[in-house]
Amino acid sequence: MTEIKNISEILGKSLEELKNLKGAQKESFEQVLKDAIKEASQIEKEAQNAIEAFAKGELSIHQVVMAMQKADLTLQTLIQVRNKVITAYEEISRMQV
Amino acid sequence: MDNSIKILEKIMDLCTYRQKILASNIANADTPGYKAKDINFKEELKKAVEDGTSSFEIIESPTTMPNRDGNTVNIEVEMTKVAETMLMYNTATQLLSTRIRMLKDAIKGGR
């Protein structure tokens, strides 16, 4: 299971290093989001494969349940992040200029 | 629909079917000359998933010594099989409900 990580650990850079980055060196928000979505999709596929393997008797019950719960948790997180992004967008679009 | 849903459905079909066979074995525990029946769970499941067949082959379950009246039902063995089948069925239902909830959440956007 993916453990909860420090953000600097995920990006492989310390906060100080991140501050000193310039231009294209910066890890764009878009890229981070894209990677996260890709990972969620990958975990989802793994869960599907786990069910197939379970049907063939290659995986035990706890393994397939774990894979499924992992996919579920990832999906819920993804949905909540999406909702937050949309809320933020709406708030900005309503802003008086 | 989704492939994993299809597989889980087959697992549940097969569990229901096996449960029926096991119930009839237990019911016939005192019938002279009755041979205990079963299905080859793994083989049948593989066939069902790959070909989509819904008819299953019944085999005579391998047993230890038959009783004097030729009956081959062993209640303990049957009860173990019932427990096994129930566990499989419960797992499949749990996985299926998680899967469906995930799809519903994706549709509703978690609201």
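**Packing of helices H1 and H3 in chain B**

In the predicted model, the crossing of H1(B) and H3(B) is left-handed, a term applied when the near helix is turned anticlockwise from the far one by less than a right angle, clockwise being right-handed. The residues that form the contact of H1(B) with H3(B) comprise 16 nonpolar, 6 polar and 5 charged, where Ala, Val, Leu, Ile, Met, Phe, Trp, Tyr, Cys and Pro count as nonpolar, Asp, Glu, Lys and Arg as charged, and the others, Gly among them, as polar. Helix H1 of chain B (residues 3-27) packs against H3(B) at an angle of about 155°, the two axes lying 9 Å apart.

Within helix H1 of chain B lies Leu8(B), which is buried at a relative accessible area of 0% (buried meaning under 20%, with a 1.4 Å probe and protein chains only). Although 85 residues separate Leu8(B) from Thr93(B) in sequence, their C-alpha atoms are 7.7 Å apart in space. Apart from neighbours within four places in sequence, Leu8(B) is in contact with Ile51(A), Ala92(B), Leu95(B) and Leu96(B), contact meaning heavy atoms within 4.5 Å.

The mean pLDDT (the predictor's confidence in each residue, from 0 to 100) of chain B is 87, with 99% of its residues at 70 or more. The model scores ipTM 0.78 and pTM 0.78.

Residues are numbered from 1 along each chain as its sequence is written, and chains are lettered from A and ligands numbered from 1 in the order in which they are written. Local features need pLDDT of at least 70 and side-chain atom pairs count only at pLDDT 80 or more, while totals for chains, interfaces and linings use all residues, and side-chain values use heavy atoms, with hydrogens and water left out.

Conventions
Axes are lines fitted to C-alpha atoms, for helices over the stretch in contact, and angles run from 0 to 180 degrees between N-to-C directions. Helices (H or I, at least four residues) and strands (E, at least two) are DSSP runs, numbered from the N terminus. Buried means under 20% relative accessible area, exposed over 50%, partly exposed in between (1.4 Å probe, protein chains only).
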